[in-house]
Amino acid sequence: MILQRRLSVKGGSALGSELVRNIIKDVRVEFRSRSALGVALVFAAVTTLAVSMVSGGVPFEPKVQAILLWLIMYFSAMNGLAHGFTREADQGTELFLRIHSDPDAVYLSKLIFNISLFMLVQCVVTPVFAVLMQVDVKDTVHLVLTVAAGGLATASAVTLLAAMVAKAGGRGPLFTVISLPLVLPVLWVSITATGRAISGTAAQGSRDLLFLLAFSGMVIAISFILFRFVWLDE
Amino acid sequence: MRINWILHILMPVSIVLAFAWAPPVQALGDAGRIIFFHVPVAIVSVAAFLLSGLLSILYLFYHGERFPMLAEKSHNSACLGMLFVILTVITGSIWARISWGSFWNWDPRETSIVILLLVYIAYFSLHSALGRSGSRDRITAVYLIFAMAMVPFFAFIVPRVYPSLHPDPIINPDRQVHLEERMKLTLLASAVSFMLLYFYMFSIMNRMSILKKKIGDRHE
């Protein structure tokens, strides 16, 4: 049954228009409530302020700064990244979306929404963190590229997992539990690369970026193939 | 010949080879003989995980009468993989204490095996969270395939991209096995023994799953 549906994939233009429609819908819903973005930014601000206050304004070592930055970004975005699918389930719009939209369009729209959300959180969190934690960045270009590539890899990896969690009843801690092991390699490489960018020793920078981009490409391809098995009921 | 007969002969032989026939490891002495247990259980833990993923692929695309009980088999393989990955972490910690002076050093390869352990824990969390819902087998199968696709990144790429404390006897730039002949043979015998042990336990668990299903069907 699933394979038959897979064979009846819509044409490129139809998929594109559905994709755009779904993205606009997600952005409008988010703009109305601002729940995902708002919670992520407030969480990030509170955590950064708390760490800055406890440190007493004394700057940490680059490696520690990189760890704190990524932990704050990751945990502040986690709620928002799962929200795209859990909201559909909570509001009862999941069935409607399943009937009227192709699974490929749904997946791609949620992926683009999640990447945009994570990047937006990063755009706010990174400068605020740099100011409050007195981060003296030696290689700004490499830092920006690492943060962007790490955000892309993280958002790509968790989109399919968010759909699974929504099927499991949208339990919050479950999303962190099932996503953390798969995102750990990304966090590991991103933290290492960010630390190098801050301290200005990014000799292996291109290798880290290559890893993050290769990871993102592979994860998006696998998720694209597997998404319909999670999304569609037999 | 049945798998358990071979196992009953080969496993004691491997243990004798590991303790009595293979020479002591350079600089570590007899303590280094743990290599004949640590490396095979690590291989089996990754193999069990890959088999779970492959069975999940078969389940998603071909499940039905052609390949029955695939979801149960995949779950059973993951259960055994969890057991072997715990054994890998324990034996690896003992070896690390002997070689490097502490039980845990966050060496890239140690980190990789911990990530594999966390993946297994996450899989079982998802499995229990989905309860007995109709989509449980499908969603957990997707998770296993998704995680399996990431194994190359944390099992093979990361340990080779970042400097590691681990000795590299099996895969290295020379593509040579840097072990003495007797050690190489003992390691091979031990790896085959543990693989057979895994398949033996796997077949027992599969038979139990079939019995459970039959009992369940009779009650319904």
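Buried residues, meaning those with 20 or more other C-beta atoms within 10 Å of their own C-beta, placed from the backbone, make up 47% of the 234 residues in chain A. This is a predicted model, in which local features need pLDDT of at least 70 and side-chain atom pairs count only at pLDDT 80 or more, while totals for chains, interfaces and linings use all residues. Residues are numbered from 1 along each chain as its sequence is written, with chains lettered from A in the order in which they are written.

Let's stay with chain A for a moment. Its secondary structure comes to 9 helices and 0 strands, where helices are DSSP runs of H or I with at least four residues and strands are E runs of at least two, numbered from the N terminus. The C-alpha trace spans about 60 × 35 × 30 Å along its principal axes. For 234 residues, a compact globule would have a radius of gyration near 17 Å, and the 19 Å of chain A agrees with that; the radius is taken over C-alpha atoms, and the globule rule is 2.2 Å times the number of residues to the power 0.38.

Now to the partner chain. Here 22 residues of chain A are in contact with 23 residues of chain B, a contact being two C-beta atoms, placed from the backbone, within 7 Å. On the chain A side, helix 7 (140–167), helix 8 (172–199) and helix 9 (205–231) each supply at least two residues. That side divides into 18 nonpolar, no polar and 4 charged residues, counting Ala, Val, Leu, Ile, Met, Phe, Trp, Tyr, Cys and Pro as nonpolar, Asp, Glu, Lys and Arg as charged, and the others, Gly among them, as polar.

Angles under 35 degrees count as roughly parallel, over 145 as roughly antiparallel, 65 to 115 as roughly perpendicular and the rest as oblique. Among the residues that meet are B:Phe84 in helix 3 and B:Met201 in helix 6.

Helix 3 of chain B also packs with helix 4 (residues 108–129) of chain B, at an angle of about 150° and with the axes 10 Å apart. This pair is therefore roughly antiparallel. Their contact includes B:Gly81 of helix 3 and B:Leu117 of helix 4, and by class it has 9 nonpolar, 3 polar and 1 charged residues.

Note on methods
Buried ≥ 20, exposed ≤ 12 C-beta atoms within 10 Å, placed from the backbone. Axes fitted to C-alpha atoms, helices over the stretch in contact; angles between N-to-C directions.
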